[in-house]
Amino acid sequence: SGTPYSIVVMSGADSNLESEMNLQVVFVHRISEVSGSASVQHGELVSITPMVADKKTKSCVSFGCVWSSGHACVYCISVNEETSKPFEVSEWTLVGDTPEKIAKAREEGFYGSDNIVAMDLFSLPHHVFEAQSSDEKMPQTRASSTPLPDPLPSFLPDRLSMHGTWCAGHDHSQDQILVAICRRSGMLEIYDLLDLRRSPSDVSPIWQSRGCGHGASVLAHSDQDIAARLPESHQVEAAEIRVFVTGPSLSLDGENDAEKDAWMLRSLCILVNTSQGDLHLYSGCKRSSNLNLEFTRIPLGNVSRPSEEAGRHLTKLRRKGIVSESDVMAFRPNRLHRFCAISGEDGLFAATQRPLWFVSERGTPTVVSHKSRHVAPAGGRPVPVSGFSAAMPAVFQNASCGFITLHERIGRIGSQRLTLYSGLYDVFSPHGVLPGGGICVQKVP
């Protein structure tokens, strides 16, 4: 009795293409209303992060949930071979406002709250976000007899890019699952999942910065509580965040000489979708004077908020009774989707009011508008493209590196169209978006 939320694992036996897929429930874990580690109420489910697999053990996947109470939980589903249960679920809690903080937040106002509003899980080496000490920042000359540390960090500064594009190594043995949370106060915190497992009640972030969701030009690590500029005319917070890498796709072995050069065209980025519908893109870099990681905001040149036309269209649909005055749901489906190896590119697809692709052009993160036929304007639904998937089943042999979209059709409200794409060759070249040559044509307003 109690919570309506459960984790369900289903399995389907191998079958022929002509037969129907028969899925069976093999494991069910009911989520408790109260987190046992922190004794906090969950409330309603607000959002769920994409699942991230552990590349070391290859036997568990993790994902996170944000609750309406302002707290967040990380769940790990691992294979259990010792007991009769096939899977085991572990849970760790990240606390939002404490009772003492709630009273203080009432005095400080909207931005005085530490409630968690957005969350993401991703896999990167732990030391990417580690702060450098003064001794570690000293450059090492060729004449020095002290050898360089082995292995070298996976991300090194690249002086060829004005946006601080990074050159990454091929060794993924140091990758760890990291947890990023954004609070209503604008604080962005990065945690190591291993630290969260060891001491969930006394864990400290490995990297943190203020201004996330508030339009800060730079997100830089700081251990001190530095006051940041806050929006005054309206209240805004991060609704969804996603950490991703843009650039040419690389194979798992990474032995090709061409791929070694392609590492220089890959960038570590953060995309923030605010509660007002704005998109903030940040590119990571390490300056020569300060080797601590910081993210610089990149102007998009695109409007991501709903248009006035969409608002008038929604009002018309409601007036005619085609769309009902539905209640606002607490749950928010994911709109920021990471992808790999689509037309030779890694990046992110933003299924927002104006769908956009975030890719790399000559080592610089850039944005490309998504264009589809017979797509209805936003109004009948919150966003025109309501579904996206880049995980193609084996049946689509000609589109193994493609993707699928689900969008609202023009005409009858509620009708949808499922479209299969084999790639983005009308926008991308086979080896990425102009990775080092070619002609770029851009409309000048």
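Val 25 is found in strand β2 of this predicted model. Together with Val 8, Met 10, Leu 23 and Val 28, Val 25 forms a nonpolar patch on the surface, and the five residues have about 450 Å² of accessible area together. Two elements, β1 (6-12) and β2 (23-30), each give two or more residues to this patch. Strand β2 gives the most, with three residues.

One of the residues concerned is Ile 181, whose bridge partner in β12 is Glu 189.

A pair of aromatic rings is described by the distance of the centres and the angle of the planes. A search of the whole structure finds 14 aromatic pairs. Among them is the pair of Trp 207 and Phe 295, which is edge-to-face, with 5.7 Å centre to centre and 85 degrees between the planes. Because Trp 207 lies in strand β13 and Phe 295 in strand β18 (residues 294-298), this pair ties together parts that are 88 residues apart in sequence. Trp 207 counts as buried at 1% relative accessibility, and Phe 295 is buried as well, with a relative accessible area of 0%.

Another aromatic pair, formed by Phe 349 and Phe 388, is stacked, with 4.7 Å centre to centre and 25 degrees between the planes. Phe 349 belongs to strand β20 (residues 345-350) and Phe 388 to strand β23 (residues 385-389), so the pair ties together parts that are 39 residues apart in sequence. Phe 349 has 0% relative accessibility and therefore counts as buried. Phe 388, at 14% relative accessibility, also counts as buried, because the term covers residues under 20% relative accessible area.

Conventions
Residues numbered from 1 in each chain as written. Predicted model: local features only at pLDDT ≥ 70, side-chain atom pairs only at ≥ 80, totals over all residues. Heavy atoms only, no water. Patch = residues over 30% accessible without salt bridge, like charges linked within 9 Å, V, L, I, M, F, W, Y side chains within 5 Å. Areas by Shrake-Rupley, 256 points an atom, 1.4 Å probe, with all protein chains shown as cover. Salt bridge = Lys/Arg side-chain N within 4 Å of Asp/Glu carboxyl O. Helix = DSSP H or I, 4+ residues; strand = E, 2+ residues; numbered from the N terminus. Pairing = 2+ DSSP bridges. Phe/Tyr/Trp six-rings, centres within 6.5 Å; stacked < 30°, edge-to-face > 60°. Buried < 20%, exposed > 50% of the residue type's maximum accessible area, 1.4 Å probe, protein only.
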